Amino acid sequence: MMYIDPHIHVTSRTTDDYEAMQQAGIVAIIEPAFWLGQPRTKVGSFQDYFSSLIGWERFRASQFGIRHYCTIGLNSKEANNEALAEQVMELLPLYIGKEGVVAVGEIGYDDQTEAEDRYFRQQLDLAKEVNLPVMIHTPHRDKKRGTTRSMDVCEEQGLDPGMVVVDHNNEETVKEVLDRGYWAAFSIYPNTKMGNERMVEIVRQYGPERIIVNSAADWGISDPLAVPKTAALMLERGIPETHVQMVCYQNALTAYGQSGQIKESDWLQATPVDQRQLFSGNSVLRGGQTPKVGSGSSNIIKN
Ligand SMILES: [Zn+2]
């Protein structure tokens with residue numbers, strides 16, 4: 001089975017992770033622009049970060065046989081630095097039209113402040129203007145209220161729920177998100193929040209329509225194989241294969257495919273991996289390593 005991980009911050013992950021993901025059947029990933037742990041103090045830091053999402057990281061993923069897409073946005077946490085946020089907002093239109101940008105995101109609420117609300121609305125307007133899907137980060141604190149409020153605001157700004165993926169759901173939020181016509185994404189964190197077992201029960205209870213599974217793996221304790229592992233557990237627990245295929249592959253493709261920037265032929269007809277390639281003069285290889293050339297690890301040739 002092929003998998004898509006539609007929310008993973010691979011910039012923070014290693015080449016071992018990329019190799020393991022490719023071997024586990026992950027063919028495509030979406031990397032949302034987000035907070036890096038260290039608060040940024042200059043607009044140039046955002047600019048270089050956005051550039052790496054559409055440039056270097058996209059190239060790096062391709063060197064391991066994985067198609068990389070991204071979302072561009074001002075995250076809710078850093079929206080609270082208003083002087084900087086103003087400058088980032090001016091930057092966004094330069095990036096959201098670039099190749100491989102499948103949504104505006106991840107945006108929404110962190111502490112549900114007035115500044116977060118303002119930049120969330122402005123970015124929803126931007127997404128609507130350019131007809132891109134939206135990826136919403138729902139707050140970890142006061143989640144139920146923050147999730148409801150996020151959807152209320154989308155509707156106040158005139159967005160079509162079918163263009164909006166509400167992420168980081170749990171058992172308390174899923175019903176309302178689905179009832180209101182939004183895509184409901186779930187982040188599988190190891191041992192906390194959405195354990196794999198709980199995800200199986202949600203798919204059993206609500207069915208596969210508009211449900212999306214992701215790893216949200218980043219620089220914290222997380223698992224870049226959460227999607228294929230959850231798929232395996234679903235199959236083991238008797239969830240039909242067609243349902244697993246929807247929640248771990250097809251729904252993400254359909255939702256973000258509305259951008260016109262991601263399609264199945266991107267990986268089905270991909271050019272084979274060639275680690276001899278360079279990006280701005282840089283390769284993923286270090287001195288003396290043998291590049292992989294061809295689609296799989298069995299096709300290694302000497303340079
Ligand atoms: Zn994230």
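Strand 3 gives the most to the lining of the second largest pocket, with three residues. Strands (E, at least two residues) and helices (H or I, at least four) are DSSP runs, numbered from the N terminus. Together with strand 3 (67–72), helix 3 (56–62) is an element that supplies at least two residues of this lining. What you are looking at is a predicted model, where local features need pLDDT of at least 70, side-chain atom pairs count only at pLDDT 80 or more, and totals for chains, interfaces and linings use all residues. Residues are numbered from 1 along each chain as its sequence is written, and side-chain values use heavy atoms, with hydrogens and water left out.

Let us stay with that pocket for a moment. A pocket is an open set of points on a 1 Å grid over the protein atoms alone, with protein on both sides within 12 Å along at least five of seven lines; a cavity is a set of points where a 1.4 Å probe fits but cannot get out, and lining residues have an atom within 4 Å of a point. The second largest pocket holds about 240 Å³ of space, a volume being the space filled by probe spheres set on the points, which are joined across faces, edges and corners. Among its lining residues are R58, R67, H68, Y69, E99 and D266. By class, one lining residue is nonpolar, five are polar and five are charged. Here Ala, Val, Leu, Ile, Met, Phe, Trp, Tyr, Cys and Pro count as nonpolar, Asp, Glu, Lys and Arg as charged, and the others, Gly among them, as polar.

The largest pocket has a volume of about 500 Å³. It is lined by 22 residues, of which H137, H140, Y189, D218 and W219 are the closest to its centre. Six of the lining residues are nonpolar, 10 polar and six charged.

Now step inside the protein. The largest nonpolar core has 71 residues, and F50, I72, M199 and M234 have the most contacts inside it. Such a core is a set of buried Ala, Val, Leu, Ile, Met, Phe, Trp, Tyr and Cys residues joined through side-chain atoms within 4.5 Å. Helix 4 (residues 82–95) gives the most to this core, with seven residues. Another core, of 19 residues, lies apart from it and includes A103, M135, V165 and I212. I72 touches A103 as well as F50, L92 and V104, among others, leaving aside residues up to four places away in sequence; contact means heavy atoms within 4.5 Å.

Strand 4 (residues 101–108) and strand 5 run parallel and are joined by three bridges; two strands pair if DSSP finds at least two bridges between them. From strand 5 (residues 134–137), V134 and I136 point one way and M135 and H137 the other, and all are buried.

I136 is touched by S150, as are Y109 and F120. S150 is found in helix 6 (residues 143–156). Is S150 buried or exposed? S150 is buried because its relative accessible area is 0%, where buried means under 20%, exposed over 50% and partly exposed in between (1.4 Å probe, protein chains only).
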